[in-house]
Amino acid sequence: MAAWSLRLHGVGNASAVALGSPMATLERDGRPWLTIDCGAEGLTAFEQQYGGHPDAVFVTHVHLDHVAGFERLFVSAYFDPARRGRIRLYVPAPVVPLLHRRIGDYPNVLAEGGANFWDAFQLVPVGDAFWHDGVRLEVFPVRHHWPDTAFGLRLQGSLVWSGDTRPIPETLARYADAGELVAHDCGLHGNPSHTGIDDLEREYPAELRQRMVLYHYASAADGEALAARGYAVGRPGQVLALADPTAPVALAS
């Protein structure tokens, strides 16, 4: 049986550079299996940890603290014949045009010409679920900034990653009902795009909050204040053990 874990490359909000961009990697037997988002500081942390770049990325949304590493990822893949066109990008279908406008639509991506941004990647638009390495993962909309622009991820029985969001109790009642660790956006103070600790305590039952690890906070001091209230708070570079997934697995052909 494989050992599953979640490595937090960064846990800060867009202004908390010292905490790293909010990005993580699902590991299987200590090796990177699926990375969530590709922020600039997060990609640097990934490189330092694994000595290379991710082979598969799920994109939650296209705010720059989540996608600013893609230019670097493009260059590393495009100029490596063994990797060009092989990095899988799982992108919720409504996010695909936003991602293209944000990172893929620069005119003449190489000064020498002859290259398209997407030549470096294998773009896989996804709906409610997708298969990665024979395992089924689920995707759900969250409440961040604007409807149908941000999504969370579930590996059933193991992990729920909220992405940037306001509280979504009705959604997590459906997508975090199997004992999963829930990595949830939370700062000391909420706003129209993000959850604050008062929102978290008002909207979610105690049982669910006990399974949460909080990330996307504003400073180390804010992280300590959240921890002082009794919550698990993610730290840059932290590795969290995960339960074995109960997600469907594809039969070997």
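This is a predicted model: local features need pLDDT of at least 70, side-chain atom pairs count only at pLDDT 80 or more; totals for chains, interfaces and linings use all residues.

A salt bridge is counted here when a side-chain nitrogen of Lys or Arg lies within 4 Å of a carboxyl oxygen of Asp or Glu.

E180 sits in the loop between α5 (169-175) and β11, while R154 belongs to strand β9, so the contact ties together parts that are 26 residues apart in sequence. Both E180 and R154 are buried.

R154 also meets the side chain of E138 in a salt bridge, with an N to O distance of 3.0 Å. Here the link is between strand β9 (residues 151-155), which holds R154, and strand β8 (residues 135-141), which holds E138, so parts that are 16 residues apart in sequence are tied together. The relative accessible area of R154 is 2% and that of E138 is 7%; residues under 20% count as buried, so R154 and E138 both fall in that class.

A further salt bridge joins D199 and R202 at 2.9 Å, N to O. Both residues lie in helix α6 (residues 197-203), 3 residues apart, or about one turn of the helix. D199 is buried, with a relative accessible area of 10%, whereas R202 is exposed, at 52%. Elsewhere, salt bridges that share partners join E138, R154, R174, D177 and E180 into one network.

The strands come next. An open sheet is formed by 7 strands in the order β7-β8-β9-β10-β11-β12-β13, with mixed pairing. At its edges stand β7 (129-132) and β13 (232-233); each has a single partner strand, so one side of each is left without a neighbour in the sheet. Within the sheet, β11 (residues 181-185) and β12 (residues 212-215) run parallel and are joined by 4 bridges. D185 is placed opposite Y215 of β12.

The remaining topic is the largest pocket. Its space amounts to about 270 Å³. The lining has 13 residues, and those closest to the centre of the pocket are E71, I103, Y106, V109 and F117. Helices α2 (64-67), α3 (70-78) and α4 (96-104) each supply at least two lining residues. The largest share comes from α3, with 4 residues.

How values were computed: Residues are numbered from 1 along each chain as its sequence is written. Side-chain values use heavy atoms; hydrogens and water are left out. Two strands pair if DSSP finds at least two bridges between them. On a 1 Å grid over the protein atoms alone, a cavity is a set of points where a 1.4 Å probe fits but cannot get out, and a pocket is an open set with protein on both sides within 12 Å along at least five of seven lines; lining residues have an atom within 4 Å of a point. Grid points are joined across faces, edges and corners, and a volume is the space filled by probe spheres set on the points. Buried means under 20% relative accessible area, exposed over 50%, partly exposed in between (1.4 Å probe, protein chains only).
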